[in-house]
Amino acid sequence: MRIGIFGTGTVGQTIGTKLVSLGHEVRLGSRSADNEKAAGWVKSAGKGASQGTFADAATFGELLFNCTAGGASLEALRLAGAGNLDGKVLVDVANPLDFSRGMPPTLTVCNSDSLGEQIQRAFPGARVVKSLNTVNCMVMVDPARIPGDHAIFVSGNDAAAKRQVSDMLRQWFGWRQVIDLGDISAARGTEMYLTLWLRMMGALKTANFNVAVARGA
Ligand SMILES: NC(=O)c1ccc[n+]([C@@H]2O[C@H](COP(=O)([O-])OP(=O)(O)OC[C@H]3O[C@@H](n4cnc5c(N)ncnc54)[C@H](OP(=O)(O)O)[C@@H]3O)[C@@H](O)[C@H]2O)c1
């Protein structure tokens, strides 16, 4: 499959490397076509890896991932071009974290709205599925790093898009517990969970953890 990833940071690179290793063609998108981080990634990821602008990645990908800084995601997607997103599944991995006032970060949007919803509203033609934002990127692509069954969430307004992403999470990345939380407004919960995730990382002194969901009959 041809996959476009917006974002040249650790997350975009980690997801990109995993997808290339599975035999997919992946283009990493950036504000500049010759972004240095993306160039380094293309060299190390090997055959199937390429780089370009956000718009290049958007036109290239049949499936798209938003792995940009949350506060800049709307701008990055505008640069990708609304028309280039139309009809495509966009997995939104970003968290709207604001580090401008130091640690711990605050959220640029919360309670009655979320970044996932802002993206879906701004780009109504994109089939936005919020997922993977609740775990560290190494865990995203290799959940077996943590023993036992633990949960990953999907939310979005397009049922077929959520099914496609859920299948991808299971078959490509190895997730066993995929929980569909409903429409894209569920992104409020998974984004606000970051405040708890950050405290858990501090308490556990590692990012290699996740939540398991236990339920009764
Ligand atoms: N670290 C994790 O394990 C983890 C886990 C869950 C979710 N997340 C979320 O995943 C996302 C990516 O995280 P990351 O650490 O890999 O990367 P990041 O540093 O948060 O974001 C890097 C990307 O954001 C783009 N960007 C920054 N400012 C921009 C602007 N003003 N306009 C347009 N684009 C801009 C950069 O573009 P250029 O390429 O042009 O520089 C780059 O591609 C974040 O939203 C993060 O909260 C991270």
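Start with the lining of the largest pocket: by class it has 18 nonpolar, 13 polar and two charged residues. Here Ala, Val, Leu, Ile, Met, Phe, Trp, Tyr, Cys and Pro count as nonpolar, Asp, Glu, Lys and Arg as charged, and the others, Gly among them, as polar. A pocket is found on a 1 Å grid over the protein atoms alone, as an open set of points where a 1.4 Å probe fits, with protein on both sides within 12 Å along at least five of seven lines; lining residues have an atom within 4 Å of a point.

Before selecting more, note that this is a predicted model, where local features need pLDDT of at least 70, side-chain atom pairs count only at pLDDT 80 or more, and totals for chains, interfaces and linings use all residues. Residues are numbered from 1 along each chain as its sequence is written, and side-chain values use heavy atoms, with hydrogens and water left out.

**The pocket**

Select V11, C67, T68, A69 and G70. Of the 33 lining residues, these lie nearest the centre of the largest pocket. The space there is about 820 Å³, a volume filled by probe spheres set on grid points joined across faces, edges and corners.

Next, show α1, α4, α7 and α9 (187–204); each supplies at least two lining residues. The largest share, four residues, comes from α9. Helices (H or I, at least four residues) and strands (E, at least two) are DSSP runs, numbered from the N terminus.

**The ligand**

Now select the ligand. It sits in the largest pocket; that is, more than half of its atoms lie within 2 Å of the pocket's grid points.

Zoom to the ligand oxygen atoms. One is 3.1 Å from a polar backbone atom of T10. A backbone N or O atom of N95 also lies 3.1 Å from a ligand oxygen. For N35, a side-chain N or O atom is 3.4 Å from an oxygen of the ligand. The cut-off for a polar contact is a pair of N or O atoms within 3.5 Å. Taken alone, the ligand exposes 910 Å², and the protein buries 74% of that (Shrake-Rupley method, 1.4 Å probe).

**Two backbone stops**

Go to P104, in the loop between β6 (97–98) and β7 (106–107). The peptide bond from M103 to P104 is cis, with omega near -10 degrees.

Finish at L132, in the loop between β8 (127–131) and α7. L132 is not a glycine, yet has a positive phi of about 70 degrees.

Definitions and conventions:
Polar contact = N/O pair within 3.5 Å; in protein donor to acceptor, adjacent residues only side chain to side chain.
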